[in-house]
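Please look over the structure below before reading the notes. They are grouped by topic and can be checked against the model one at a time.

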Amino acid sequence: KAPLINLATIPFMIIGVVFLSKILNQPLSIMAMVGLIMLVGIVVNNGIILVDYTNLLRARNIPMMQACHQAGVSRLRPVLMTTLTTILGMLPMFSIFANDIGWLSVFGFAVMLMGVVFEHFADKQMHEFLKSTSSKGVCQNGLWKYSRHPNYLGEITFWLGVYLSMLPYDLPRWYYCVGFISIYIMFNVISIPLMEKRQLKRRQEYYIYRKNTSRLLILPNKRK
């Protein structure tokens with residue numbers, strides 16, 4: 001049922017895209033189609049967050065309507081934060097495709113790709129750890145041995161690439177780095193402190209892991 005529910009949100013997205021295109025009098029170009037594909041990923045990801053938490057509440061014997069309401073209220077803020085930071089960060093990309101692409105933009109694209117690959121391997125290693133029989137402890141596989149949040153480092157690297165790709169163009173200064181700064185604040189000020197506070201309550205060994213392992217950057221462990 002969950003995949004069907006997530007896929008059922010896509011038609012509502014298409015209605016919004018067509019409606020906005022009519023208001024702005026913009027044709028559905030190739031780049032608009034690329035943006036549409038990205039939007040599908042955002043919408044489906046938001047749906048997964050809501051459905052997953054709703055199923056968790058249902059497993060606690062909470063009635064369906066009440067579970068849906070609680071999931072919507074509880075997950076509204078993270079859904080809005082991730083969506084808004086993505087939209088704000090990608091706004092400057094309009095200027096890239098309206099001008100010639102310079103070498104610095106190509107370098108920015110390479111950094112973006114590196115961030116995506118980095119986050120992919122971090123998520124894959126965490127997924128393999130959670131599937132293992134010893135997943136009750138703290139994940140220290142691969143990248144997680146040298147950074148407590150390598151997946152977030154990949155995300156920040158991606159937005160750093162977006163920032164670098166904007167530098168050759170004549171844009172307002174705030175326009176350059178809005179995505180990079182917003183995603184950095186979201187992770188370093190909100191997400192990471194809350195997550196680590198929860199981990200410290202659940203796992204005593206996380207205190208030693210936090211003491212010996214870098215927060216974001218890939219660095220050697222402090223432990224001898």
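This is a predicted model: local features need pLDDT of at least 70, side-chain atom pairs count only at pLDDT 80 or more; totals for chains, interfaces and linings use all residues.

**Helix α6**
- Helix α6 runs over residues 103-131, which makes 29 residues.
- From the first C-alpha to the last, α6 reaches 42 Å, close to the 42 Å expected at 1.5 Å a residue.

- I181, Y184, I185, V189, I190 and L194 make a nonpolar surface patch of about 530 Å².
- One of these residues, I185, is placed in helix α8, residues 173-202.
- I185 counts as partly exposed because its relative accessibility is 42%, and the partly exposed class lies between under 20% (buried) and over 50% (exposed).

- E196 has a relative accessibility of 5%, so it counts as buried; the cut-off for buried is under 20%.
- Leaving aside neighbours within four places in sequence, E196 is in contact with R148, H149, Y206 and R210.
- With Y206, the contact includes a polar one between the two side chains, at 3.2 Å.

**Helix α4: a glycine**
- G72 lies in helix α4, which covers residues 64-90.
- G72 counts as partly exposed because its relative accessibility is 30%.
- G72 and I49 are 23 residues apart along the chain, and their C-alpha atoms are separated by 9.7 Å.

Note on methods:
Residues are numbered from 1 along each chain as its sequence is written. Side-chain values use heavy atoms; hydrogens and water are left out. Helices (H or I, at least four residues) and strands (E, at least two) are DSSP runs, numbered from the N terminus. The expected span of a helix is 1.5 Å times one less than its number of residues. Patches are made of residues with over 30% relative accessible area and no salt bridge: like charges are joined within 9 Å, nonpolar side chains (Val, Leu, Ile, Met, Phe, Trp, Tyr) within 5 Å. Accessible areas come from the Shrake-Rupley method with a 1.4 Å probe; for residues, only the protein chains shown count as cover. A salt bridge is a side-chain nitrogen of Lys or Arg within 4 Å of a carboxyl oxygen of Asp or Glu. Buried means under 20% relative accessible area, exposed over 50%, partly exposed in between (1.4 Å probe, protein chains only). A polar contact is a pair of N or O atoms within 3.5 Å; within protein, one must be able to donate a hydrogen and the other to accept it, and residues adjacent in sequence count only if both atoms are side-chain atoms. Contact means heavy atoms within 4.5 Å.
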